[in-house]
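Walk through this model with the structure open beside you.

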There are 2 protein chains.
Amino acid sequence: MLGLMQDWPLLIHTIMDHASRYHGTQEIVSRTVEGPVHRYTYADCAKRARALADAVNTKLGIGAGDIVATMAWNGYRHLEIWYGLMGLGAVVHTLNPRLFADQLDYIVNHAEDKYIFLELSFIAQMEALQDKLPTVKGFIIMTDRAHMPETSLRNPICYEELIAAGDNTFAWPKLDEQQACGICYTSGTTGNPKGVVYSQRSHVLHAMAICAGDALALKSTDVVMPVVPMFHANAWSLAFSVPMAGAKMVMPGAKMDGASIYELLDQEKVTVTAGVPTVWLMLLHHLEKHPELKLDHLERALIGGSACPEAMMAAFEKKYDTKVVHAWGMTEMSPIGSIGNRSGATADLDAEAWWPLQLKQGRPPFTVEMEITDDQGQVLPNDGKTFGHLVVRGAATAREYYKGEGGKILDDKGYFDTGDVATIDAYGFMQITDRAKDVIKSGGEWISSIDLENAAVGHPAVAEAAVIGITHPKWDERPLLVLVKKPGAEVSKEEVLGFLKDKVVKWWLPDDVVFVEEIPHTATGKISKLTLRQQFAGYVLPGAEAAE
Amino acid sequence: MLGLMQDWPLLIHTIMDHASRYHGTQEIVSRTVEGPVHRYTYADCAKRARALADAVNTKLGIGAGDIVATMAWNGYRHLEIWYGLMGLGAVVHTLNPRLFADQLDYIVNHAEDKYIFLELSFIAQMEALQDKLPTVKGFIIMTDRAHMPETSLRNPICYEELIAAGDNTFAWPKLDEQQACGICYTSGTTGNPKGVVYSQRSHVLHAMAICAGDALALKSTDVVMPVVPMFHANAWSLAFSVPMAGAKMVMPGAKMDGASIYELLDQEKVTVTAGVPTVWLMLLHHLEKHPELKLDHLERALIGGSACPEAMMAAFEKKYDTKVVHAWGMTEMSPIGSIGNRSGATADLDAEAWWPLQLKQGRPPFTVEMEITDDQGQVLPNDGKTFGHLVVRGAATAREYYKGEGGKILDDKGYFDTGDVATIDAYGFMQITDRAKDVIKSGGEWISSIDLENAAVGHPAVAEAAVIGITHPKWDERPLLVLVKKPGAEVSKEEVLGFLKDKVVKWWLPDDVVFVEEIPHTATGKISKLTLRQQFAGYVLPGAEAAE
């Protein structure tokens, strides 16, 4: 027996329909690449999205199922492209301009992008790349005629001229809610990037889950600035959930330095913002340099992408009276997997008891299921101590990559392995303890490289620390601690081990400590454990030979 | 091109799964019919729901698609029945015990209910009815062995014995999200009651829409008491949205008098509650009698079912510092259609400018679309003055009634006519001005009977007022004002018309005023316009004959 309720498919255009009907006068404020701050409303955005959909459809032949790329900052035109193209049933492929040329070339060709929308910032980058992109029929430059550059790009199209040719009463086609609407490639550390293909349904459900009172609780009275870029894991859903909530939207464009971010936070009275720790580090530096500045309007800062350092969280909360909401997710999860709000059970914890929980990555919103498992897939206890493979399932989690890359990615129960290692405590709060490939497997037990590194950098003479597993004849692997000393500081192996003694359990203590001039980093500034492992390939730990 | 996201159907059991995994220690507090207040947790509820599902499946043969009725108050056992049976794929039919016997008999037979779960309060009522209910195989009495009554009910089953026989690790079957999970009959004023059949999907989407920050913004740190019964339009989704949010739940059982409601609000530290104006009237009377009492914890009272009187709203807001959230909905909408929170555009209105907006029924949450139309189905402007048929569309709105009763109920654009007449203002706030059948159609224009009544009761000598349309040879219909005077008060027709003169536009002024001893009411206390129209059938308005 089936229900007798209306067929109301979960389609992206319903989000902008809602925003323009019930919050039509609400502003979208964008810092543009051309210079000025641009202001208009959801009602304007909705009309221009329709005009764009009509124009790309009739002038460029783009329709349902066509993949079209964007290389753009957070701004109103980028938003119009998302809603216009997704409303049409096309698939928006967000290109991360920070990728290396060979990665960009690979993903554009893999996705067979038909057109690329790009901002003025990226003309030169794209000119250098275009000859390797045979599927791309033309480049739509996101500006008006007055700002159109001299360019060698083939078939350059002026965005404002294109949109002017469209009908802003264009009627959205009826689509299947399973229709693809977006594709985003993961920049995997091994192998080629793999494409995650979102559906209209998954994005709408994800935005609804994020809007929930117990998740981000976005209200139409909020002013939200997504600093996290739309090309980075869908701006953590904010391009969907903010219009869904009818909140005012502030888009920072290309300028993410402390002064520019502060200016928008202050002038636009932003109440909620979201971004990676690097951005907030720049903002906090700016605030420290200008002690007269305050964060008068900012109520909450959503911090994710990598773990929020304790000092940063403390600065926001204690110095600027801004609540930090720690979050975690990944491209394969649309992306949000957990949010660190207080829950009913943790509401009565005092500040001291709550603090270590707030430093964790949080708990899943409704529509996300999360477990930790051992190497055999057995579910491990949620005791806050045991750590295991973090596996997830839900309404907005990938079931396979585009064109089947990477093969089967779900286990028999339908869970996706995140590649992270984590604990989950009795309150349901999850904490990432390591990447699965970085965890040290010693005598069948696991040692978290991140926990050891965090403990080691607590020593006053240590500037940076990295821990990798070294093959050991008896224990399979044992930890090696690699350290960079602070300029002018001195410390010995014995002193470091002595310092760690009461900070980690005994069997976690590194078997050796090595001092180096520099620890290798990836392009995004993370420690490159891969390079480090190559540097220390064949390293023999003290006592390891004797054990053989 | 379809998305490649996981298949995660929207099923009712995922709500209780989420509550028990992430808010397992959160309490459900219920006032029982047996007497004591019962307390347990979401983890307990989830287990017992599984045990019940297993028991009804194996012992009673209830499975997917079977319709099973409940006649019960808001309490933990009723919640277990909903989650247990819906999780199994069965369809829960909530019976309103206040219905007349012949209506109950009609709907049980129309739905062909297989079993009826009932609370001790309703034994006698059901004994009198059972012989007319041939499809019902047995009656499950919601109590334990010690409280089992002597009863003539055929096949009486003890609830606690039944649940004790079930396996509390029972695995939920995989269901289609379009599977029916609930049926609720509308008590239409004309014709037989008609069944609205909810799907698993529609209830989950509706609960997600209600949980949104811009809708009810339920948080796991809230304590929510649904006073509105689960048999009345699904307790306004709270049986789903409160566990989805992980909030503590307080269930008032059978006692809805002011003292009992106050006791739970106070002792359980309720932050959010919901109910019809009658209940709040009783609470406010109780508070007035005991001036030492305060609503210390209550932040918000959701008021719906019928319009919240201005004096009630003022008492809550100004005297008890409790925010009133006005809401509107109907059984066909699962039920919530609009919620009266401030929006971004109305955030800066001062208290005086906001007040008349707060008295309106509010604006739709995401997933609800709303329009007003004229008799020809043309969309009317949202100017706050023009009123028209209120039509709605959405993810949790009915497309047809059970067994096709009432025929086609959607227009060509897929909208359902609510039978209400309303205005929508430029902010998107909707206000019910009349029932469509009560509106007076005068010369092609509409006159709101409710607006006229509200104006008339403003006169100090008037106790109650009702307006009906009387056939008129020239204008089709003209308003007749029927009045009950206050005891000992005197007022003439001319005085009343003079009083109304500057309160309504001239052509709205009633053609006649009639004084009566009593105005007829329905069983639920509303003015019975139907009876009134019968009483005044053939009434000739002054000047009407002359016009012929």
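**The interface and some local detail**

R21(B) and E369(A) join their side chains in a salt bridge, at 3.6 Å from N to O. A salt bridge here is a side-chain nitrogen of Lys or Arg within 4 Å of a carboxyl oxygen of Asp or Glu. Between chain A and chain B the count is six salt bridges. This is a predicted model, in which local features need pLDDT of at least 70, side-chain atom pairs count only at pLDDT 80 or more, and totals for chains, interfaces and linings use all residues. Residues are numbered from 1 along each chain as its sequence is written, chains are lettered from A and ligands numbered from 1 in the order in which they are written, and side-chain values use heavy atoms, with hydrogens and water left out.

Which parts of chain A touch chain B? Helix 1 (12-22), strand 9 (194-199), helix 7 (200-211), helix 8 (238-245), strand 16 (368-373) and strand 17 (388-394) of chain A each supply at least two residues. Helices (H or I, at least four residues) and strands (E, at least two) are DSSP runs, numbered from the N terminus. Helix 7 of chain A gives the most, with seven residues. By class, this side of chain A has 42 nonpolar, 23 polar and 14 charged residues. Ala, Val, Leu, Ile, Met, Phe, Trp, Tyr, Cys and Pro count as nonpolar, Asp, Glu, Lys and Arg as charged, and the others, Gly among them, as polar.

Now the area. Chain A and chain B bury about 5900 Å² between them, 59% of it on carbon and sulfur atoms. Buried area is the accessible area (1.4 Å probe) that two parts lose on being put together, summed over both. M1(A), M5(A) and F366(A) supply 17% of the area that chain A buries against chain B, more than any other three residues. The contact (heavy atoms within 4.5 Å) takes 79 residues from chain A and 79 residues from chain B.

Next, helix 14 (residues 493-500) of chain A. Its buried residues are V496(A), L497(A), F499(A) and L500(A). Buried means under 20% relative accessible area, exposed over 50%, partly exposed in between (1.4 Å probe, protein chains only). These residues sit on the same side of helix 14 of chain A, because they cover an arc of only 155 degrees around the axis. The arc is that of the directions from the helix axis to the C-beta atoms. They pack against helix 13 (449-456), strand 23 (476-485) and strand 24 (512-515) of chain A.

Two threonines of chain A lie in loops. T346(A) is placed between strand 15 (336-339) and helix 12 (351-358). T346(A) is buried, at 0% relative accessibility. Beyond neighbours within four places in sequence, T346(A) contacts W354(A), L357(A), Y427(A) and F429(A). T32(A) is found between strand 1 (27-31) and strand 2 (37-41). T32(A) is buried too, with a relative accessible area of 17%. Its side chain reaches the backbone nitrogen of G35(A) at 3.1 Å.

Conventions. A polar contact is a pair of N or O atoms within 3.5 Å; within protein, one must be able to donate a hydrogen and the other to accept it, and residues adjacent in sequence count only if both atoms are side-chain atoms.
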